[in-house]
Amino acid sequence: MKTYSFSVKTSKNSELIDITKTIENFVLRSSKTSGICLIYSPHTTTGIIINEAYDADVAFDINNFLNGLVPKQLDYRHSEGNSNAHIKSSIIGNSRIIPYSNDKLNLGQWEGVFLCEFDGPRQRNIILTFL
Amino acid sequence: MKTYSFSVKTSKNSELIDITKTIENFVLRSSKTSGICLIYSPHTTTGIIINEAYDADVAFDINNFLNGLVPKQLDYRHSEGNSNAHIKSSIIGNSRIIPYSNDKLNLGQWEGVFLCEFDGPRQRNIILTFL
Amino acid sequence: MKTYSFSVKTSKNSELIDITKTIENFVLRSSKTSGICLIYSPHTTTGIIINEAYDADVAFDINNFLNGLVPKQLDYRHSEGNSNAHIKSSIIGNSRIIPYSNDKLNLGQWEGVFLCEFDGPRQRNIILTFL
């Protein structure tokens, strides 16, 4: 098992940031050639998804849909004004797992890994675990 | 690899129950000091999430939002009257994975693990696998 | 670690297909008697869920609800007309993990594993990793 972490600086209140290349570099460094890779974001207002990284409009549409699905203002109890971000994080999930082999993530042709910022801009951490 | 299970008694039709401390006790018992922990709920009408455990209003807001998103009554075919619970379970997912090190879950500052009851009250089981 | 893959031919634009038996056959073949099984779909418009496999109406209701939640036509930017499928895939997630022991998936009594097709019909691949 190998563990790494890196940070990502987000620039908007909500956005999807492609972190595929950074993860692929850690796969090469991890010394194991095959296994599974856990991508974990230890925050309560972020998510991790795997989806199309080729056309940036897909990430735009996903983010935009979630903004419509979970309104910023609603009859929320939590007083910090970011319940929408906590809810999006719960729906999307704050981790994903990908198998890898021959030093490469087994991503499909169009797939990339995205950090979903739901309450930014902030500095965020990602923990990678290779097993 | 070590596997443990424990049960949780829920008291409402839908609620989020903080199970962080129970899991942390099993981390200590697991004899491995670092790895990943799979938290799995073998039920079709529950979910597992990782989110803010500090202000209980966050869990309230998440549960309340899901109740609004997936109505109990709709044009469902399943005759048991709990399709909303099956749908919530599919959206949230019935497992989460957390890396751990030095006998501690690598949770963020405000993070906790919750069992989401969507069709209670019932007795529920959680399976923990440490790798 | 053992890795296998298999393909599934879907027949509708959106549907849930029970793949439990295929996975159980690979559990038997995997030579390890206990561990965790990662079920990963390397596509941007599919999902994997674990839910009730006994009454087919549950899968019908889940699929039908998602069709209502994420409309095919909306103010999407992505020009291929399948943003709804990418969004559903992000909400559901394209993998699930199940612990297994004594050569059996630790599924609950009514649980099965489903491939969710959101942009079919197509040929889809599933990657299984046993750890």
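Where does B:Pro121 lie in chain B? Look for the loop between strand S7 (111–117) and strand S8 (123–130) of chain B, and there you have B:Pro121. Keep in mind as you look around that this is a predicted model.

The peptide bond running from B:Gly120 to B:Pro121 is cis, and its omega is near 0°. Turn to chain A and you can find a cis peptide bond there too, joining A:Gly120 and A:Pro121, with omega about 0°. A:Pro121 sits in the loop between strand S7 (111–117) and strand S8 (123–130) of chain A.

While you're looking at loops, go back to chain B and find B:Asn102. Its place is the loop between strand S5 (95–101) and strand S6 (104–105) of chain B. The backbone does something to note here: phi of B:Asn102 is near 50°, which is a positive value in a residue that isn't glycine.

Now step back and see how the chains are arranged. Take chain A, rotate it by 120° with 0.0 Å of shift along the axis, and it superposes on chain C with an RMSD of 0.0 Å. The two copies are therefore related as by a three-fold rotation axis.

How do the copies meet? Through different surfaces, because only 14% of the interface residues of chain A are also interface residues in chain B.

Let's zoom in on where chain A touches chain C. Here 28 residues of chain A are in contact with 29 residues of chain C. Together they bury an area of about 2300 Å², and carbon and sulfur atoms give 64% of that. How many salt bridges does the rule find across this interface? The count between chain A and chain C is zero. Polar contacts are another matter, with eleven residue pairs found between chain A and chain C, both partners at pLDDT 80 or more.

Which parts of chain A do the touching? The elements giving two or more residues to the side that faces chain C are strand S3 (35–40), strand S4 (46–52), helix H2 (56–69), helix H3 (83–92) and strand S5 (95–101) of chain A. H2(A) gives the largest share, eight residues. Sorted by class, this side of chain A holds 16 nonpolar, six polar and six charged residues.

One last stop is the aromatic rings. Over all chains, a search of the whole structure turns up 15 aromatic pairs. Take A:Tyr4 and A:Phe26: their ring centres are 5.0 Å apart and their planes stand at 35°, so this pair counts as tilted. A:Tyr4 belongs to strand S1 (residues 2–9) of chain A and A:Phe26 to helix H1 (residues 20–29) of chain A, so the pair ties together parts that are 22 residues apart in sequence.

Key
Residues numbered from 1 in each chain as written. Chains lettered and ligands numbered in written order. Predicted model: local features only at pLDDT ≥ 70, side-chain atom pairs only at ≥ 80, totals over all residues. Heavy atoms only, no water. Contact = heavy atoms within 4.5 Å. Buried area = accessible area lost by both parts, 1.4 Å probe. Salt bridge = Lys/Arg side-chain N within 4 Å of Asp/Glu carboxyl O. Polar contact = N/O pair within 3.5 Å; in protein donor to acceptor, adjacent residues only side chain to side chain. Helix = DSSP H or I, 4+ residues; strand = E, 2+ residues; numbered from the N terminus. Nonpolar A, V, L, I, M, F, W, Y, C, P; charged D, E, K, R; others polar. Least-squares fit on C-alpha atoms with pLDDT ≥ 70 in both. Phe/Tyr/Trp six-rings, centres within 6.5 Å; stacked < 30°, edge-to-face > 60°.
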